Amino acid sequence: MSKKQEIFLFALIMLVAVFFSSYCLKTSPPFWFDEGIFYQVVNNLAFQGVSGVQLAPGIFSDLSLISLCYPVFYPSAWIFRLFGAS
C-alpha cells in the first residue's frame, strides 16, 4: 500500500468511527445503573466537594462498592465544574 492509500484508509476509518459514535445520540437510552452512580459521584465531587454517593440531603455513602476511582472521577469532576453537568 502506498502512503496515500494508508492515509485515505485511516481517514475513512476515523470518519466511520465518528459517524457511528454520534449516530442517534439524542435518542440513545438514558443512563443505566452503573453510569447513574458514576454520574452522581462525579456530580457530588464537582459541586459539593464530597467523594461519595448521596443517600439523603447531607448524608453521603463511601465508595467502597464502586469499581472506579479517582483517576476517572477527578478529571470528570473537573470537566463538570468547567462546562456544567449537562
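Let me start with Phe60, which is found in strand β2, where strands are DSSP runs of E with at least two residues, helices are runs of H or I with at least four, and both are numbered from the N terminus. What we are looking at is a predicted model, in which local features need a pLDDT of at least 70, side-chain atom pairs count only at pLDDT 80 or more, and totals for chains, interfaces and linings use all residues. Residues are numbered from 1 along each chain as its sequence is written, and side-chain values use heavy atoms, with hydrogens and water left out.

On confidence, pLDDT being the predictor's own score for each residue from 0 to 100, the chain averages 84, and 94% of the residues score at least 70. Helix α1 (residues 3–22) has the highest confidence, at 93, while α2 has the lowest, at a mean of 84.

Back to Phe60, which counts as partly exposed because its relative accessible area is 25%; buried here means under 20%, exposed means over 50%, and partly exposed lies in between, using a 1.4 Å probe and protein chains only. Leaving aside neighbours within four places in sequence, Phe60 is in contact with Asn44, Gln48, Val50, Gly52, Val53 and Gln54, contact meaning heavy atoms within 4.5 Å.

Asn44, one of those partners, sits in helix α2, residues 33–47. Is Asn44 buried or exposed? Asn44 counts as buried, because its relative accessibility is 4%. A polar atom of the Asn44 side chain lies 3.0 Å from the backbone oxygen of Gly52. Not counting residues up to four places away in sequence, Asn44 also touches Gly49, Val50, Val53, Gln54 and Phe60, among others.

Now to the nonpolar core, by which I mean a set of buried Ala, Val, Leu, Ile, Met, Phe, Trp, Tyr and Cys residues joined through side-chain atoms within 4.5 Å. The largest one has ten residues in all, namely Val41, Val42, Leu45, Ala46, Val53, Leu63, Ile66, Phe73, Ala77 and Phe80. Helices α2 and α3 (70–83) each supply at least two residues of this core, and α2 gives the most, with four. In soluble globular proteins, nonpolar side chains tend to be buried together.

The largest pocket has a volume of about 160 Å³.

Glu35 itself lies in helix α2 and, because its relative accessibility is 38%, counts as partly exposed.

Key
Polar contact = N/O pair within 3.5 Å; in protein donor to acceptor, adjacent residues only side chain to side chain. 1 Å grid on protein atoms, 1.4 Å probe; cavity = no way out; pocket = protein on both sides within 12 Å on 5 of 7 lines; lining within 4 Å. Points joined across faces, edges and corners; volume = space filled by probe spheres on them.
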